[in-house]
Amino acid sequence: MNNPFYGKDILSIRDLTKEDIELVLQTASLLKTNPLALPPLQGKILASLFFEPSTRTRLSFESAMYRSGGKVISVCNSQETSMSKGESLSDAIKVISSYADIIVLRHPHEGAARLAAEAASIPLINGGDGANEHPSQTLLDLFAIRESQGDLHNLHIAFVGDLKHSRTIHSLVLAAAHYNSRMFFVSPESLSLPEKICHELRSQQVQYSFHLSFEELLPKLDVLYMTRIQKERFEDQKLYLQVKDHYVLRKAMLKTLKPCFKVMAPLPRLQEIAVDVDSTPHAHYFAQAAGGVFVRRALLHLLLQPHSNPEIQAYASEKKHFAHSSY
Amino acid sequence: MHLKKNTLLIPAIERGSVIDHIPPGLGLKIIRILQLENPSFTLTLAMHLCSKRLGLKDLIKIDSLMLSDSDAHKIAIFAPHGTINVIQNFKVEKKIRATLPHSIASILVCPNKACITRHEPCSSFFFVKEHKTKVYLGCKYCQKDFLRDEIKEYTL
């Protein structure tokens, strides 16, 4: 089996087929089951370029590279680079391509990852470009959903918060469309899901609806995906103050629920999930973040190793049989 | 009052190109898009002429410059019914209809202020999509779609 990821970039969830997503998730599952299952990425270097604040994405990519046997060089403050002297992103990426084998880039401007990938001579992973996309977060979200629900198909998922600016939501909604999810979008009207994404969902005949509150939806749901209202995405801070405390999930709301019901969030958490939810069996957001290392290890292996490893093939085949036998 | 006898207003050219059926008021934009401001061209712009098809139209005549199919692509986004008549010996030698290209590079500025193309020295790139009667331009970089009229700036 050829590895379709080898040497490619991961820029948008739109670039990935359902089969591509399955390969990443199966590879991540394999690495979770056996962290030493794949040949190490010895001698490989990850350039970790974060021009916008990040904790989980940056550290989990760097952890993933170290755990897979590679090394990391990093930038986490654009003021420390020659870009503060006016160097273009494209020029910086051309140079960095000769220092590393793979790049992960976070940048405040939308489309930065695609522009950088055009300049790069090595694979590039979009670690978040403004309010546009964050595909590796989506893959770890799908991984967490599958780990907690057993299957990604036919789930009822509610997305709550800033659906207009959340790149995490944009990417996850498009990916979940592959799995016949029933989607509930909960936001103030001013922060609703962009029409372009709604159009894409309609074209895939995805069932969805809009809501102003989420409490009445809870009994129907398999997954409640909470996002914070992102202060940094608002040009008008008055609007931010109007909506910032709009949605708060509290333990007292978690009464009549499906047994498998899980709360997920891309983190960081501000006030949208009360701390008392953490102790319930429904809180899955910390496990979700922890799974990010396996997913990012999977991406690094797939992008840097030319042939699909026999272990991945065997694992995928075994999982396929398992999936069939479970129906 | 709109002038009715268009042909009397604009002198015929022996050799060159005539861009016809430009929506009224967009003639200057077309001149900029085709970079015809170069003083080496003798050029006539007529605005707000009567047109059976458009009601009103703009028209451009360029002396001694033969426009091409690729020029017709460039103007199509602003003049979807535009035609380029290539003139030889005062006669129309070739008529090129404006057809929407699949993509447009460099000319348009992405209206999304957060798009990387507004912050880096790089060319814009839009995919052209038609849906029902509307033409959308999708930025290759920020992945946002815009109606033609939402694009107010262009790099010329």
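Modeller: One definition to begin: two strands pair if DSSP finds at least two bridges between them. Keep in mind that this is a predicted model.

Biologist: How do you know that E5(A) and strand E6 of chain A pair?

Modeller: Five bridges link E5(A) to E6(A), residues 182-186, in the parallel sense. The requirement is at least two, so the two strands count as paired. Within this pair, Phe159(A) sits opposite Phe185(A) of E6(A).

Biologist: What makes strand E5 of chain A largely enclosed?

Modeller: Its burial. E5(A) spans residues 156-160, and four of these five residues are buried, so the rest of the structure largely encloses the strand. Buried here means under 20% relative accessible area.

Biologist: Which strands form the open sheet of four in chain A, and in what order?

Modeller: The order is E2-E1-E3-E4 in chain A, with parallel pairing.

Biologist: What makes E2 and E4 of chain A edge strands?

Modeller: Each has a single partner strand, so one side of E2(A), residues 71-75, and one side of E4(A), residues 124-129, lack a neighbour in the sheet. From one strand to the next, the twist averages 15°.

Biologist: How do you know that E3(A) and E4(A) belong side by side?

Modeller: Four bridges join E3(A), residues 102-107, to E4(A), and the two run parallel. At least two are needed, so they pair. Ile103(A) has Leu124(A) in E4(A) as its bridge partner.

Biologist: On to the helices. Why are H5(A) and H10(A) called oblique?

Modeller: The axes of H5(A), residues 135-149, and H10(A), residues 292-304, cross at roughly 125° and come within 9 Å. Perpendicular ends at 115 degrees and antiparallel needs over 145, so an angle between those limits is oblique. H5(A) and H10(A) are therefore oblique. Their crossing is right-handed.

Biologist: Which residues of H5(A) and H10(A) meet?

Modeller: From H5(A) come Ser136(A), Gln137(A), Leu139(A), Leu140(A) and Phe143(A). From H10(A) come Gly292(A), Phe294(A), Val295(A), Arg296(A) and Leu299(A). By class, the contact has six nonpolar residues, three polar and one charged.

Biologist: And why are H2(A) and H10(A) oblique to each other?

Modeller: Here the axes cross at roughly 60° and come within 8 Å; H2(A) covers residues 56-67. Parallel needs under 35 degrees and perpendicular starts at 65, so a value between them is oblique. That makes H2(A) and H10(A) oblique. Again the crossing is right-handed.

Biologist: What does H2(A) meet in H10(A)?

Modeller: Val293(A), Arg296(A), Arg297(A), Leu300(A) and Leu304(A). The residues on the H2(A) side include Phe61(A), Ala64(A) and Met65(A). This contact has six nonpolar, three polar and four charged residues.

Biologist: Why does Leu36(A) count as exposed?

Modeller: Its relative accessibility is 73%. The cut-off is over 50%, so the label is exposed. Leu36(A) lies in the loop between H1 (18-33) and E1 (45-50) of chain A. Its C-alpha is 9.9 Å from that of Gly69(A), 33 residues away in sequence.

Biologist: Why is Pro24(B) called partly exposed?

Modeller: Its relative accessible area is 38%. Buried is under 20% and exposed over 50%, so Pro24(B) falls in between. Pro24(B) is in the loop between E1 and H2 (27-33) of chain B. Beyond its neighbours within four places in sequence, it touches His48(B), Leu56(B), Lys57(B) and Asp58(B).

Biologist: What is the strand order of the open sheet in chain B?

Modeller: Five strands, ordered E2-E3-E1-E4-E5, with antiparallel pairing. E2(B), 42-51, and E5(B), 91-97, are at the edges with a single partner strand each, so one side of each has no neighbour in the sheet. The twist averages 20° from one strand to the next.

Biologist: How do you know that E1(B) and E3(B) pair?

Modeller: Five bridges connect E1(B), residues 15-22, and E3(B), residues 55-63, in the antiparallel sense. Gly16(B) has Asp63(B) in E3(B) as bridge partner.

Biologist: What do E2(B) and E3(B) form?

Modeller: A hairpin, with three residues between the strands. Eight bridges join E2(B) to E3(B), running antiparallel. Thr44(B) stands opposite Lys61(B) in E3(B).

Notes:
Residues numbered from 1 in each chain as written. Chains lettered and ligands numbered in written order. Predicted model: local features only at pLDDT ≥ 70, side-chain atom pairs only at ≥ 80, totals over all residues. Heavy atoms only, no water. Axes fitted to C-alpha atoms, helices over the stretch in contact; angles between N-to-C directions. Buried < 20%, exposed > 50% of the residue type's maximum accessible area, 1.4 Å probe, protein only. Contact = heavy atoms within 4.5 Å. Left-handed = near helix turned anticlockwise from the far one by under 90°. Nonpolar A, V, L, I, M, F, W, Y, C, P; charged D, E, K, R; others polar.
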